[in-house]
Amino acid sequence: MNRDSRELPKGARAIKRGWLLVRKGHWKKRWVVMEANGYLKWYNMKGSPKGGLKFKNSSYTCEHRVKSHHEFCFEISHRQWFRKMKFRANSQTEFNSWLRLIQRAITDADSMVPGNHKGSPSATHKLRNFAS
């Protein structure tokens, strides 16, 4: 299956696509797509949807997973979740790219919440980027 030609929902635009390892129990290779509308979706090797997130506000965080014994790990959490979603890139470049992109999606979503302004401390205080 040609992942680059995967059909997206009408009106959706992918801003990044690529392979990441996703951990839910154990690590599995997934095709991950970040859409311009704030959706992060992942698919199995056969192209079947396996999960997704919609970044709506700053209740989400995306951080470098410092305690991991795996390189290039980051995790996405929500203040109401018991567990965190863990992702692993195959290079420092891909790690930095995905981490920055997801953090920006969270910040952009938060700027849409009434009373928050893009770049304000309330919109960015939860974001921590440990990658250079």
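A salt bridge is taken here as a side-chain nitrogen of Lys or Arg within 4 Å of a carboxyl oxygen of Asp or Glu. The model is predicted, so that local features need pLDDT of at least 70 and side-chain atom pairs count only at pLDDT 80 or more, while totals for chains, interfaces and linings use all residues. Residues are numbered from 1 along each chain as its sequence is written, and side-chain values use heavy atoms, with hydrogens and water left out.

The chain contains two helices and seven strands, where helices (H or I, at least four residues) and strands (E, at least two) are DSSP runs numbered from the N terminus. Along the sequence these elements follow the pattern β-β-β-β-β-β-β-α-α. The seven strands build an open sheet with antiparallel pairing, in the order E4-E3-E2-E1-E7-E6-E5; two strands pair if DSSP finds at least two bridges between them. Strand E4 (49–54) and strand E5 (60–64) are the edge strands, each pairing on one side only. From one strand to the next, the twist averages 30°, with axes fitted as lines to C-alpha atoms and angles running from 0 to 180 degrees between N-to-C directions.

Within the sheet, strand E2 (residues 26–35) and strand E3 (residues 39–43) run antiparallel and are joined by four bridges. Methionine 34 stands opposite leucine 40 in E3.

Side chains of opposite charge can pair when their charged atoms come close. The structure holds three salt bridges. One of them joins lysine 16 and glutamate 94, at 3.2 Å from N to O. This pair links distant parts of the chain, since lysine 16 lies in strand E1 (residues 14–24) and glutamate 94 in helix H1 (residues 92–111), 78 residues apart. Buried means under 20% relative accessible area, exposed over 50%, and partly exposed in between (1.4 Å probe, protein chains only). Lysine 16 counts as buried because its relative accessibility is 14%, whereas glutamate 94, at 26%, counts as partly exposed.

Glutamate 35 forms a salt bridge with lysine 41, their closest N and O atoms being 3.4 Å apart. Glutamate 35 is buried, because its relative accessibility is 1%. A salt bridge also connects lysine 84 and glutamate 75, again with a value of 3.4 Å from N to O. Here lysine 84 is partly exposed at 38%, and glutamate 75 is buried at 10%.

For the chain as a whole, 44% of the 132 residues count as buried. Among contacts (heavy atoms within 4.5 Å) with a separation of 6 or more, 42% are between residues 24 or more positions apart.
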